[in-house]
Amino acid sequence: MTQAGKALKRVLKIYGITQNRLAVVMGVNRSSVFGWVNEIADPPGDTVVKIRKALAEIEPAAAEEFVRLFWGDSEEDEK
């Protein structure tokens, strides 16, 4: 699974955020979010930043968790 997709899937589940809600806040099609979450497509780097900003608007803690999971220390996450 892509790192962004893996992090996004986990954050959406933990914080109860729907793919549709994220898509609406980001101004993208829900199918784009579906693709990222289900490993069909990788979000480009600038889109990863937009995902973080949208999550911050919905639930600031979700944005922090996304950043931690995506850019954090992968060795620490495996413990």
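So, Phe66 and Phe70: these two are four residues apart in helix H5, which puts about one helical turn between them. Helices here are DSSP runs of H or I with at least four residues, strands are runs of E with at least two, and both are numbered from the N terminus. And the general point behind that spacing: an α-helix has 3.6 residues a turn, so residues three or four places apart point the same way.

Before I go on, this is a predicted model, so local features need pLDDT of at least 70 and side-chain atom pairs pLDDT 80 or more, while totals for chains, interfaces and linings use all residues. Numbering runs from 1 along each chain as its sequence is written, and side-chain values use heavy atoms, leaving out hydrogens and water.

Okay, back to the rings. Searching the whole structure turns up three aromatic pairs. The ring centres of Phe66 and Phe70 are 5.9 Å apart with the planes at 0 degrees, so that pair is stacked. The rule takes rings of Phe, Tyr and Trp (the six-membered ring for Trp) with centres within 6.5 Å; planes under 30 degrees apart are stacked, over 60 edge-to-face, and the rest tilted.

How covered are they? Phe66 is buried, at 0% relative accessibility, and Phe70 is partly exposed at 21%. The cut-offs are under 20% relative accessible area for buried, over 50% for exposed and partly exposed in between, with a 1.4 Å probe and protein chains only. Phe66 also pairs with Trp71: centres 6.5 Å apart, planes at 80 degrees, so edge-to-face. Trp71 is partly exposed, at 48%. Ring pairs join Phe66, Phe70 and Trp71 into a cluster.

Arg68 is partly exposed at 35%, whereas Glu65 is buried at 17%.

Now H4, residues 45-58. Which residues of H4 are buried? Thr47, Val48, Ile51, Ala54, Leu55 and Ile58. They cover an arc of only 120 degrees around the axis, so they lie on the same side of H4; the arc uses directions from the helix axis to the C-beta atoms. On the face turned away from that buried side you'll find exposed Gly45, Lys53 and Glu57. The buried residues pack against H1 (3-15), H2 (19-26), H3 (30-37) and H5.

Zooming out, the protein chain has six helices and zero strands. Of its 79 residues, 35% count as buried. Among contacts with a separation of 6 or more, 57% come from residues 24 or more positions apart, a contact being heavy atoms within 4.5 Å. The chain exposes about 4,900 Å², with carbon and sulfur atoms supplying 48% of it; areas are Shrake-Rupley with a 1.4 Å probe, and for residues only the protein chains shown count as cover.
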